[in-house]
Amino acid sequence: MTGISPLWNNVLFCTITFIYVFSLVALMDFLVKRYGLPQDISRKITHIGAGTLIIFIPFFDDGHWTKYLNVGIYVLWIVLLTLKGLTAGPDDEAVRTMTRTGNPHELLKGPLFFVIVGTICGTFFYKSFEGVVAMAVLGWGDGVAPLIGSRYGKMKYAILSPKSIEGSLSVFLFGFGAALFFVWWIIPTDFNLIRICFITLIATIAEAVSPKEVDNFLIPGAVILASQFI
């Protein structure tokens, strides 16, 4: 950013990510309390929103170590989710917006796993092809799939947990679309439609055979591993 040092540029965009996430959680909490938005929907909208955080990555200056502030909000939520999962009551904002049933202990599963993965992708895989695709498929593919599968899934199957063909198809379609966009947006030199398609397909298979909750690790793991060979 012209006229601002790399340090303050990165601090600025780190602050923007904090505002973005806390505003999203506050909005979901408002919709749950005021309009009765189902918790499974608010949970997945928050999930998708957290995955979309990578949209801010191009604005971080790579020339300063503070580029890793891009994961500052994820690190904070690792702490918050751990504390809230152990001590919060059912009326806590995070419990209302990020759990299926209102049980605080759910925060220690999928939501916590997600921010751990986000932290890894934003540091060890910072602005890398595999890191970007992993977060895109995890955020959008795995975010939309339960909403489609639970409401419109008619063709059911179960390997290690119940799934539906409609939900798995959503993982692929939304994950593929998000991966295309975010690779183009963040690292356009790595844009390869066929490669992204095959890797998204592999991630979809990983999600299909995944036990409940563990898909937040298996999807990015499959993307990172497949990216080494495709």
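Colleague: Which residues does D215 touch, not counting residues up to four places away in sequence?

Modeller: First, this is a predicted model: local features need pLDDT of at least 70, side-chain atom pairs count only at pLDDT 80 or more, and totals for chains, interfaces and linings use all residues. Residues are numbered from 1 along each chain as its sequence is written, and side-chain values use heavy atoms, leaving out hydrogens and water. With contact taken as heavy atoms within 4.5 Å, the residues touching D215 are L138, D142, K163, E207, S210 and P220.

Colleague: Is D215 buried or exposed?

Modeller: D215 lies in helix 9, where a helix is a DSSP run (H or I, at least four residues), numbered from the N terminus. Buried means under 20% relative accessible area, exposed over 50%, partly exposed in between (1.4 Å probe, protein chains only). The relative accessible area of D215 is 10%, so D215 is buried.

Colleague: How many Å apart in space are D215 and D142, C-alpha to C-alpha?

Modeller: D142 is one of the residues that D215 touches. In sequence the two are 73 residues apart, but in space their C-alpha atoms are separated by 8.2 Å.

Colleague: What about E106, buried or exposed?

Modeller: You'll find E106 in the loop between helix 4 and helix 5. Beyond residues up to four places away in sequence, E106 touches T99, R100, T101 and P111. Its relative accessibility is 13%, so E106 counts as buried.

Colleague: And how does R151 count, given its relative accessibility?

Modeller: R151 sits in helix 6 and touches P38, D40 and I41, leaving out residues up to four places away in sequence. Relative accessibility here is 35%, so R151 counts as partly exposed.

Colleague: How is helix 3 oriented against helix 5?

Modeller: The axes of helix 3 (residues 72–87) and helix 5 (residues 110–123) come within 9 Å and cross at roughly 155°. Axes are lines fitted to C-alpha atoms over the stretch in contact, with angles from 0 to 180 degrees between N-to-C directions. Angles under 35 degrees count as roughly parallel, over 145 as roughly antiparallel, 65 to 115 as roughly perpendicular and the rest as oblique. That crossing therefore makes helix 3, relative to helix 5, roughly antiparallel.

Colleague: Which residues of helix 5 does helix 3 meet?

Modeller: On the helix 3 side, the residues are Y74, V75, W77, I78, L81 and T82. Their partners in helix 5 are P111, L112, F114, V115, I116, G118 and T119.

Colleague: Now helix 1 and helix 3: how are they oriented?

Modeller: T17, F18, V21, F22 and V25 in helix 1 meet G72, I73, L76, W77 and L80 in helix 3. The two helices pack at an angle of about 45°, with their axes 9 Å apart. That makes the orientation of helix 1 to helix 3 oblique.

Colleague: Which residues touch the most other members of the largest nonpolar core?

Modeller: A nonpolar core is a set of buried Ala, Val, Leu, Ile, Met, Phe, Trp, Tyr and Cys residues joined through side-chain atoms within 4.5 Å. The largest one has 48 residues, and the members touching the most others are W77 and V133.

Colleague: Last one: what is the phi of K127 near?

Modeller: K127 is in the loop between helix 5 and helix 6. Most residues other than glycine have a negative phi. For K127 the phi is positive, near 50°.
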